[in-house]
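Here is a short briefing on a protein chain. Look over the sequence and the 3D structure, then work through the points by topic.

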Amino acid sequence: MSRVLLNNPLASLEQLEVTVSRKDGISEELEEDLRNYGAELIESAGILLKLPQVAMATAQVLFQRFFFMSSLKEFGIVEIGMGALFLASKLEESFVRMTHLITVYDMIIRRNRKQPTKIPLDAFSQKAYQLKNMAIAAEMQILRKLGFHVQVQLPYNLMINYLRILGLEDHDQITRRAWNYLNDGLRTTIYVTHEPPTIACAAIWLACRDEQLKLPCHLGHEWWLLFDVDYVNFKNAAAHIRRLYYRTLDRLELPLYTKEIDRWLLK
């Protein structure tokens, strides 16, 4: 059965200027780091669970959307990350067992916090019970906060088509770099602030920049106009991706749960 394609819902100017989390006293830097880390945890868990990339990417986009509707002080990145991945696995028909999901998340968090990982999570322990409840409740919160608008359009196919139009589809290095930039962009908010064509152009521009390959920029015939994309917008998306590489995540100390956020804010 064919799938009806709907536009991605984008954050409003008001949501971008002052997010719900910042209204709750969370700094812009902390919010950025938590969004980054939360998306990273989703990707790491998805890889270990052998989920298809589209499921992981969908979960990361839902995760980013959610925190434009709710505060990081009210919901932790672990619970919403698990809920988003569980929901996305259903949306992409790659269902994952809840026991496997919470076991993998627990292992990744313990590893990142330099805690013992030899003994896996006991599926019948109190901790496992709490994580299951957190994930189930988080899935419902995501659906409720997003008003069941959980469709996600990803720019991967667009990027490949654009490279073909530009005559670069056989340039393996550019294709690989652009694909990686799209993956890295999932750890930022660009999938909630920019349309897929803009994100695809940003990834291509960054990849060509790395390879020192000049794209057509003759006045009135600029390459991005082929795809009806605004220059300022794709450069802005590219800047958000590049910003990732200048920040270091403190995976040992970053607050993962709401109780840890409260303690962090009291520092």
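**A buried arginine**

R35 is buried, because its relative accessible area is 4%, under the 20% limit. This is a predicted model.

**R35 and its surroundings**

- R35 sits in helix α3.
- Which residues is R35 in contact with, leaving aside its neighbours within four places in sequence? They are F63, Q64, F67, F68, R187 and T189.

**The second largest pocket**

- The second largest pocket holds about 410 Å³ of space.
- The lining of this pocket is made of 18 residues, and R22, E28, E32, T189 and H240 are the closest to its centre.
- Two elements each give two or more residues to that lining: α3 (28–48) and α12 (231–243).
- Helix α3 provides the largest share, five residues.
- How is the lining of the second largest pocket divided by class? It has three nonpolar, eight polar and seven charged residues.

**The nonpolar core**

- The largest nonpolar core has 83 residues.
- Which of its members touch the most other members? They are L85, Y105, I204 and W223.
- Leaving aside neighbours within four places in sequence, I204 is in contact with M159, Y162, L163, L166, A178, L215 and W223.
- W223 therefore turns up on both lists: it is a contact of I204, and it is among the core members with the most touching partners, a core being a set of buried residues joined through side-chain atoms within 4.5 Å.

**The cysteines**

- A disulfide is a covalent bond between the sulfur atoms of two cysteines.
- How many disulfides does a search of the whole structure find? The search finds zero.
- C201 is in no disulfide, and its nearest cysteine sulfur, that of C208, is 10 Å away.
- Why is C201 without a partner? A disulfide needs two cysteine sulfur atoms within 2.5 Å, and the nearest one to C201 is 10 Å away.
- C217 is in no disulfide either; again the nearest cysteine sulfur belongs to C208, at 10 Å.
- Is C201 buried or exposed? C201 counts as buried, because its relative accessibility is 0%.
- C217 counts as partly exposed, because its relative accessibility is 41%.

- Most residues other than glycine have a negative phi.
- E93 is not a glycine, yet it has a positive phi of about 55 degrees.
- Where does E93 lie? E93 is in the loop between α5 (77–91) and α6 (98–112).
- E93 is exposed, because its relative accessible area is 76%.
- Q212 also has a positive phi of about 55 degrees, and it is not a glycine.
- Q212 is in the loop between α11 (196–210) and α12.
- Q212 counts as exposed, because its relative accessibility is 76%.

- Q130 belongs to helix α7 (residues 126–145).
- Q130 counts as partly exposed, because its relative accessibility is 42%.
- Q130 and Y245 are 115 residues apart along the chain, and their C-alpha atoms are separated by 34 Å.

Definitions and conventions
Residues numbered from 1 in each chain as written. Predicted model: local features only at pLDDT ≥ 70, side-chain atom pairs only at ≥ 80, totals over all residues. Heavy atoms only, no water. 1 Å grid on protein atoms, 1.4 Å probe; cavity = no way out; pocket = protein on both sides within 12 Å on 5 of 7 lines; lining within 4 Å. Points joined across faces, edges and corners; volume = space filled by probe spheres on them. Helix = DSSP H or I, 4+ residues; strand = E, 2+ residues; numbered from the N terminus. Nonpolar A, V, L, I, M, F, W, Y, C, P; charged D, E, K, R; others polar. Buried < 20%, exposed > 50% of the residue type's maximum accessible area, 1.4 Å probe, protein only. Contact = heavy atoms within 4.5 Å.
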